[in-house]
Amino acid sequence: MSAPPPVSPSTAGGTQRRHPAPVFALSAALLGFFVITLDASVVNVALPDIRSDLGGGMSGLQWVMDGYILMFAALLLSAGSLSDRAGARRAFGIGLAVFVVSSAACGLAPDLATLVIARMVQGLGAAMMTPSSLTLIREAYSDTVKRGRAIALWTIGGSVAAAAGPVAGGALNLVSWRMIFLINLPVGLIALVLLARVAHSSRREVPFDWTGQIAAVLAMGALTFGVIEAGADGLGAPRVLGALVIAVLALAVFVAAQARGRHPMVPLEVFRSRVVVIASGTGFAFIGGFQGMVFVYSLYFQEQRGLSSFATGLAFVPMTVLSGFVSLLVARLAERFGPRVPIVGGMLLMGAGMTVLALLPASTPVWALSLVMIPVGICGPLAMAPTTAVLLEGVPADRSGVAGGVFNTSRQVGGALAVAVFGGLLAGHDSILHGLRQSLVIAAVIAFVSAAANLFLRPARRP
């Protein structure tokens, strides 16, 4: 009599390895996702010190942020297929090693150009790790409820990292802004040790889509360049218009490659799923709004209010603490009321928080601003954990890597465009506060639209 097929290779060697393997897989995935999410926000409060040490204007600071996010977003598309092709364990390990080495390069960078290049390499490593970490979890947990809780923990790690980034950055910056990057080395090594205890993942042979990947990098890079430079030179500047034209042409090539190519890295039928589209839009709205808010307030607190980098980090503490508390409850909340309730509620809280922040007068004390940021921080664990779970339950198992890549790409594109657009609004006005308010209004509108879209979300029924 044949045995039922194993869910993960970790069970193939016998029952002795079935129970410990999920713990190691979840721990490695959680640590990896934590540090790559932390690196997207931890740099914010150190930007003035980086500019003081290495030089550069607003566009230089934007590239320190967007160099990482851009490569992260562009390479996530093929990274999902790579996870399926090379095996989640191997893809995660390679990405983690690249991330650790490039973190050291960031910490030792002698000038701004070197720092931006090293940040881009960091983004490459992060892109390889993200979808493979999700697949590691899916392979390790066969039970739907346990898998949902594991995914919730994974997402909580990212949400807490995003919220804690400014606080951690302010504390590390007391020593040096370089410590923000060097701290990744011991954390990465611990994750590699844990990964060594995880069983090998299965592989699926899929040829690499070179045309699609090059077109994706070119489209995102040109779009980000155009938006950043538009803030400094104006939308009508020749190089801005040229970059935007290149972005449109590259996007057309990408779509054609996915529609007509023999082996597309992102088959267009993936977007026929309502779950994939809505989940990706939700990720775009949250990360864009959250990272954009932290970016503009990190500059506003230090350059307009005269706070130190550490005091600026402390201003985000209430948001961080409450996010951690909500993280402990969100899995059971989603199990009891369904995922749509926390997702819609979280996005509404984010939109409301952004709206109030935009309307507060310039004389509002920093402690009051910190309290109003709490709903924005709560949105992370409240909305992102059930969104991720719904996404993985709503796609076939053999497309989990691709769906994860699309979802996380949309999140990082949201963050990259937020930094580019919001930074341009700050640079385009004599008063930082005016550009800050415009940025918050944009983020609030997108959050409300996302909340409305999730009302049409139809999660897959559990067996």
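Me: Is threonine 312 buried or exposed?
Reply: This is a predicted model. The relative accessibility of threonine 312 is 0%, and buried means under 20%. Threonine 312 is therefore buried.

Me: Which helix holds threonine 312, and which residues is threonine 312 in contact with, leaving aside its neighbours within four places in sequence?
Reply: Threonine 312 sits in helix H12, residues 309–315. With neighbours within four places in sequence left aside, its contacts are Val45, Ser298, Phe301, Gln302 and Leu307.

Me: How many helices and strands are there in the chain, and what percentage of its residues count as buried?
Reply: The chain has 18 helices and zero strands. Of its 463 residues, the share that counts as buried is 58%.

Me: Among contacts between residues at least 6 apart in sequence, what percentage join residues at least 24 apart?
Reply: Contact here means heavy atoms within 4.5 Å. Among the contacts between residues at least 6 apart in sequence, the part joining residues at least 24 apart is 85%.

Me: Which residues does threonine 155 contact, leaving aside its neighbours within four places in sequence?
Reply: Threonine 155 is in helix H6, residues 144–172, and is buried at 4% relative accessibility. Its C-alpha atom is separated by 5.1 Å from that of alanine 385, 230 residues apart along the chain. Leaving aside neighbours within four places in sequence, threonine 155 touches Met384, Ala385 and Thr388.

Me: Are H11 and H16 roughly parallel or roughly antiparallel to each other?
Reply: The axes of H11 (residues 274–303) and H16 (residues 374–393) come within 10 Å and cross at roughly 155°. Angles over 145 degrees count as roughly antiparallel. H11 and H16 are therefore roughly antiparallel.

Me: How many nonpolar, polar and charged residues does the contact of H11 with H16 have?
Reply: The crossing of these two helices, H11 and H16, is left-handed. On the H11 side the contact includes Val275, Ala279 and Phe286, and on the H16 side residues including Cys379, Met384 and Leu391. By class, the contact of H11 with H16 has 11 nonpolar, five polar and no charged residues.

Me: What is the orientation of H11 and H14, roughly parallel or roughly antiparallel?
Reply: The axes of H11 and H14 (residues 340–359) come within 11 Å and cross at roughly 30°. Angles under 35 degrees count as roughly parallel. The two helices, H11 and H14, are therefore roughly parallel.

Me: Which residues of H14 meet H11?
Reply: H11 passes H14 in a left-handed crossing. From H11, residues including Thr282, Phe286 and Tyr297 take part. The H14 residues that they meet are Ile343, Met347, Met350, Met354 and Leu357.

Me: How many disulfides does the count come to?
Reply: A disulfide is counted when a pair of cysteine sulfur atoms lies within 2.5 Å. Cysteine 106 is buried with a relative accessible area of 0%, and cysteine 379 is buried at 0% as well. By the distance rule, the number of disulfides is zero.

Me: Is alanine 105 buried or partly exposed?
Reply: Alanine 105 belongs to helix H4, residues 88–107. Its C-alpha atom and that of glutamine 122, 17 residues apart along the chain, are separated by 9.3 Å. With a relative accessible area of 34%, alanine 105 is partly exposed.

Methods
Residues are numbered from 1 along each chain as its sequence is written. This is a predicted model: local features need pLDDT of at least 70, side-chain atom pairs count only at pLDDT 80 or more; totals for chains, interfaces and linings use all residues. Side-chain values use heavy atoms; hydrogens and water are left out. Axes are lines fitted to C-alpha atoms, for helices over the stretch in contact, and angles run from 0 to 180 degrees between N-to-C directions. Helices (H or I, at least four residues) and strands (E, at least two) are DSSP runs, numbered from the N terminus. Angles under 35 degrees count as roughly parallel, over 145 as roughly antiparallel, 65 to 115 as roughly perpendicular and the rest as oblique. A crossing is left-handed if the near helix is turned anticlockwise from the far one by less than a right angle, and right-handed if clockwise. Ala, Val, Leu, Ile, Met, Phe, Trp, Tyr, Cys and Pro count as nonpolar, Asp, Glu, Lys and Arg as charged, and the others, Gly among them, as polar. Buried means under 20% relative accessible area, exposed over 50%, partly exposed in between (1.4 Å probe, protein chains only).
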